[in-house]
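User: I'm new to reading models like this one. Could you walk me through the main features?

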Amino acid sequence: MRSERISGWILKAYLVVIFLFVFAPIIASVVFSFNSQRFPTIPLGSFSLEWYEKIFNDADVWTAARTSVIVALCTAVLSTCIGFATAYTDYRYQFRFKGAFLALALLPPTVPLIILALAMLAWFSKLGISGQISSIIFAHTVLCSPFAMAIIRLRLSQMDENLEAAAWNLGASQWATMRSVIVPFTRPAIIASFCLTAAVSFDEFAVAWFVSGLNKTIPVVILEIVQGNIDPQVNAIGTLVFVTSMTLVIIAQVLIMTSQKRDKIS
Amino acid sequence: MTQSDSTASNNRSSQRLYALTWRLPIIVWQLLFFIGPLLFLIAMSFFLVKNYRMHEAFEMVNWQKMFSRAYFKDAYVFTLGMAAGATVLCSLIAFPAAFALSFKVSENTRRWAIFFLIIPFFTSYLVRTFSWYVILSESGVVNSLLQFIGLGPYTMLNTVFGTMVGYLTLTLPLVIVLQTFSMSQIDKSYIEAAYNLGCGRLRTITSVIIPLAKTGLIIGAVFCFILAFGDFVSPYYLGGSKPPTLSILIIDTTKSGQQWPRAAVVAIVMMLTLFTVAFASIAYAYRKQQR
């Protein structure tokens, strides 16, 4: 019994070490962003907003931020719509080739980004649509719709199967049922999917780097700064990006959790 | 046609329209922007480049050129070895953590832990890698700490160690989550039964827990392999691109050489390798489970 307890403590200490490893780079980046040293080390330098001032006065960063926001918003809308349609199809219908249909919908995350990036660059050039903001949006929607589908599908599986049929029996058309039963029920998941896909798009750099041409997004700017040398501006941009993504992820998580709880109560 | 017939057929066509509205978007989108590019990638590997311009053709020359180059074979072996190494290392490091999360903490703690492990997935991998670059550098945080106890400085950047740290940053959270999902679903009574039958703790892990969680462990490993095999950030920034991996080869050939067809050859070889590894491991995972 006593050795049981000791091994339990060792395992918990191990967990702490693992979490330290996972979060060390994130915490370090936030700390370094407020640090005066150009080559951050221990002992730390003094508190400084120098790097933030630098990026706020950098026109390129502002342009990239604008591009990133446009791409993230459009990607979130498109991939949430497509993800919803796909999730509903999977929930409601049985048909031939459904396996192939689902594979088509869910495969993109299993293909390395660098390969997709090359393939999309070549394909978009062939179609004459490369190097535009829309090309990044098209590409990001492919990457994000599987996530949207997964989140919304999960919510649909919590819905009472008879709910839809009951609405039909009461005389509602399919479209009316969709509008007044299914969409309201999945609304938390729809908003969660919107936030998460925006966060994924906001952070994606490989595909954006290849297809964006001159319309750089924030991660592409980071990639280019990093290629140069050590520049703590990256930490400042990274911290701002981190805060943005984190807000989106937390909103999504809270929505998913509270909607589950509310179902349990009602 | 009687009236009821016409309403019925009307109804049927509106049913069809309704179903297609939800089915078609993903099919159209993926064909245009996912399957299209991948098929074009295959076609492109047979194209020719003359005077820095690509010409549509059907020649084997890119394949022959790439397969006769020693650097391609070296990069392939190195990438495969690094990805396999990362997979083994990551699975081994993740296992005790997933074990602790599955059996040693409350359900509430587990839920929060998983939430915190999902967070890194949505934060910039580039920024995290850059952070490691600063932390691990010659005069960085780790070396300064080691100096206090009279060790170092060690060269950690531009080494295999640096690359592995990067790979683990990318894969460890995901692998722990996947392993935890499969292990926490094991019926606790099996474990008690094993104890009651006189199994030691280690024996319980090797002959009860691992076989029962096998599918999840293998899926975690497969994801780790896919991510490490395709990643270019860690081997480039933390490994110093010495030697280059296949993904770095793709970037170099595309960005500087304008040799898209040859980059396509590398990409296709990578895809074939990944599909082989993924299908073989998943088939293995499910075959054993059914017995």
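Predicted model: local features only at pLDDT ≥ 70, side-chain atom pairs only at ≥ 80, totals over all residues.

User: What pattern does chain A follow, read along the sequence?

Analyst: Residues are numbered from 1 along each chain as its sequence is written, while chains are lettered from A and ligands numbered from 1 in the order in which they are written. Helices (H or I, at least four residues) and strands (E, at least two) are DSSP runs, numbered from the N terminus. Chain A reads α-α-α-α-α-α-α-α-α-α-α, with eleven helices and zero strands. Its C-alpha trace spans about 70 × 70 × 30 Å along the principal axes.

User: How many residues of chain A are in contact with chain B?

Analyst: Two residues are in contact if their C-beta atoms, placed from the backbone, lie within 7 Å. Here 59 residues of chain A meet 60 residues of chain B. On the chain A side, H1(A) gives the largest share, 13 residues. That side divides into 44 nonpolar, twelve polar and three charged residues. For these classes, Ala, Val, Leu, Ile, Met, Phe, Trp, Tyr, Cys and Pro count as nonpolar, Asp, Glu, Lys and Arg as charged, and the others, Gly among them, as polar.

User: What share of the residues in chain A is buried?

Analyst: A residue is buried if 20 or more other C-beta atoms lie within 10 Å of its own, exposed if 12 or fewer, and partly exposed in between. In chain A, 44% of the 266 residues are buried.

User: Which residues have the most contacts inside the largest nonpolar core?

Analyst: A nonpolar core is a set of buried Ala, Val, Leu, Ile, Met, Phe, Trp, Tyr and Cys residues joined through C-beta atoms within 7 Å. The largest one has 153 residues, and those with the most contacts inside it are A:Ala117, A:Leu118, A:Met120, A:Leu196, A:Val207 and A:Val211. This core lies between domain 1 (3-44) and domain 2 (61-290) of chain B, because both give residues to it. Those domain bounds come from an automatic or database domain assignment. The centres of the two domains, taken over C-alpha atoms, are 38 Å apart. Leaving out residues up to four places away in sequence, A:Val211 touches several residues, including A:Phe124 and A:Ile136.

User: Why does helix H8 of chain B lie largely in the open?

Analyst: Of its nine residues (188-196), the number buried is zero, so H8(B) lies largely in the open. After H8(B) comes B:Gly198, whose phi is positive, near 95°.
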